[in-house]
Amino acid sequence: MNPYAAGRVGSPPADASRAAGEQGGSHTLARGFAALLLAAVLLTVLTACAPQPAAFNATNITGATFARDFRLTDHTGQTRTLADYRGKAVLVFFGYTFCPDVCPTTMGEVSAALKRLGDDAGRVQVLFVTLDPERDTQDLLSRYVPGFDPRFVGLRGDRATTEATVKEYRLVAQRVGEGPNYTLDHTAGLYVYDPAGRVRLFAATAAGPDKLAADLRTLLDGG
Ligand SMILES: [Cu+2]
């Protein structure tokens with residue numbers, strides 16, 4: 001809310017109260033009325049200033065002090081941060097290409113959600129960040145990620161960068177099993193940013209493409 005606007009709207013009743021006080025007889029009554037008027041005006045101002053929060057299917061995390069940004073390498077070898085995708089809603093999913101179930105299912109759902117957006121899908125960037133940089137090479141990501149949609153981008157970092165990213169995004173990623181065929185127990189969910197680059201939503205992967213598409217539409221419409 002604009003504090004200056006609130007100040008302007010709030011001040012006239014105070015002046016009215018002083019003016020009423022100078023009239024003597026109905027002194028207390030006038031002052032009481034002025035106070036009521038002031039309260040009414042303030043209430044109106046507050047109501048008008050508080051933007052109606054947009055209704056989302058996903059968890060609204062607007063203003064979160066985590067999941068703010070990343071610095072990773074995309075599947076073509078370019079360094080990427082969130083700023084590279086400014087102007088688009090950005091959807092970030094963390095997983096690994098060897099994942100037998102959740103990751104491919106989620107990427108399929110995201111792809112389906114984008115199809116529901118039609119031309120507006122061009123205003124959404126989907127990023128797949130690997131939690132398994134040892135096996136998910138740049139080459140592997142470049143084949144796996146665009147397989148779901150040619151516009152999707154795969155991102156990776158070295159072990160230290162991956163761990164820093166996991167921390168910033170408050171994820172869990174636990175290696176399960178020995179040998180080359182290990183799996184990862186990992187947080188399954190999507191972080192969603194608005195076109196201004198602010199983190200806005202955390203979406204459970206099981207929500208389905210319709211709900212995700214509706215939330216992306218709300219964000220693209222300025223919600
Ligand atoms: Cu997975």
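At 1.5 Å a residue, helix α6, with its twelve residues (209-220), should span 16 Å, and its end C-alpha atoms do lie 16 Å apart, so expectation and model agree. The expected span here is 1.5 Å times one less than the number of residues in the helix. The structure is a predicted model, in which local features need pLDDT of at least 70 and side-chain atom pairs count only at pLDDT 80 or more, while totals for chains, interfaces and linings use all residues. Residues are numbered from 1 along each chain as its sequence is written.

Taken as a whole, the protein chain contains six helices and ten strands; helices (H or I, at least four residues) and strands (E, at least two) are DSSP runs, numbered from the N terminus. Of the 223 residues in the protein chain, 27% are buried. A residue is called buried if 20 or more other C-beta atoms lie within 10 Å of its own, exposed if 12 or fewer do, and partly exposed in between, with C-beta atoms placed from the backbone. Two residues are in contact if their C-beta atoms, placed from the backbone, lie within 7 Å. Among contacts between residues at least 6 apart in sequence, 67% join residues at least 24 apart.

An α-helix has 3.6 residues a turn, so residues three or four places apart point the same way. After α6 comes Gly222, with a positive phi near 90°.

One of these covering elements, α3, packs against α6 at an angle of about 55°, with the two axes 8 Å apart. Axes are lines fitted to C-alpha atoms, for helices over the stretch in contact, and angles run from 0 to 180 degrees between N-to-C directions. The helices α3 and α6 are therefore oblique to each other, given that angles under 35 degrees count as roughly parallel, over 145 as roughly antiparallel, 65 to 115 as roughly perpendicular and the rest as oblique. On the α3 side the contact is made by Glu109, Val110, Ala112, Ala113 and Arg116, and on the α6 side by Pro209, Asp210, Leu212, Ala213 and Leu216.

Two strand residues can be followed next. Val153 is found in strand β6 (residues 153-156) and is buried, because 23 other C-beta atoms lie within 10 Å. Beyond residues up to four places away in sequence, Val153 touches Asp74, His75, Gln125, Leu127 and Val145. Arg175, in strand β7 (residues 173-176), is partly exposed, with 13 other C-beta atoms within 10 Å. Leaving aside neighbours within four places in sequence, Arg175 is in contact with Tyr182 and Leu184.

Ala67, in the loop between β1 (59-60) and β2 (72-74), has a positive phi of about 55° although it is not a glycine. Ala67 counts as buried, with 20 C-beta neighbours inside 10 Å. Arg170, in the loop between α5 (159-168) and β7, is also not a glycine and has a positive phi near 55°. With 12 C-beta neighbours inside 10 Å, Arg170 counts as exposed.
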